[in-house]
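Please consult the sequence and the coordinates alongside the text.

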Amino acid sequence: MTDRDFLWCALNLALDQEEELARLCPGCRERAEREPCPACGTPRESWSVNPGFDWERYQELKGGGGAG
């Protein structure tokens, strides 16, 4: 897939999620937006952060150098 394909997919997933949330009443939408992870209970707001992600290794594999 090209970068453009990935962007298209990501954008459409975000739009689909927003459309689903828009169909809910305000109370249900609020609950859905703060729903915790079913496995560990982490609040949804913090899902976008991956503390275990190794940026240096990522850059190395991507070809951008890194600390290695």
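Helices H1 and H2 of this predicted model are oblique to each other, because angles under 35 degrees count as roughly parallel, over 145 as roughly antiparallel, 65 to 115 as roughly perpendicular and the rest as oblique. The axes of H1 (residues 3-22) and H2 (residues 26-33) cross at roughly 140° and come within 9 Å. Axes are lines fitted to C-alpha atoms, for helices over the stretch in contact, with angles running from 0 to 180 degrees between N-to-C directions.

In the predicted model, local features need pLDDT of at least 70 and side-chain atom pairs count only at pLDDT 80 or more, while totals for chains, interfaces and linings use all residues. Residues are numbered from 1 along each chain as its sequence is written, and side-chain values use heavy atoms, with hydrogens and water left out.

**Overall composition**
- The protein chain holds three helices and zero strands, where helices (H or I, at least four residues) and strands (E, at least two) are DSSP runs numbered from the N terminus.
- Along the sequence, the pattern of the protein chain reads α-α-α.
- Of the 68 residues in the protein chain, 1% are buried; buried means under 20% relative accessible area, exposed over 50% and partly exposed in between (1.4 Å probe, protein chains only).

**Contact of H1 with H2**
- Glu18, Leu21 and Ala22 of H1 are in contact (heavy atoms within 4.5 Å) with Arg29, Ala32 and Glu33 of H2.
- By class, this contact has three nonpolar, no polar and three charged residues, with Ala, Val, Leu, Ile, Met, Phe, Trp, Tyr, Cys and Pro counted as nonpolar, Asp, Glu, Lys and Arg as charged, and the others, Gly among them, as polar.
- Glutamate 33 lies in helix H2 and is partly exposed, at 35% relative accessibility.
- The C-alpha atoms of glutamate 33 and leucine 21 are 8.3 Å apart, for residues twelve apart in sequence.

**Ends of H3**
- At the start of helix H3 (residues 55-62), a side-chain oxygen of aspartate 54 comes to within 3.2 Å of the backbone nitrogen of glutamate 56.
- Glycine 63 follows H3 and has a positive phi, near 100°.

**Cysteines**
- The count of disulfides, each a pair of cysteine sulfur atoms within 2.5 Å, is zero.
- Cysteine 28 is in no disulfide, and the nearest cysteine sulfur, that of cysteine 25, is 3.5 Å away.
- Cysteine 28 is partly exposed, with a relative accessible area of 30%.
- Cysteine 9 is also partly exposed, at 31% relative accessibility.

Conventions:
A polar contact is a pair of N or O atoms within 3.5 Å; within protein, one must be able to donate a hydrogen and the other to accept it, and residues adjacent in sequence count only if both atoms are side-chain atoms.
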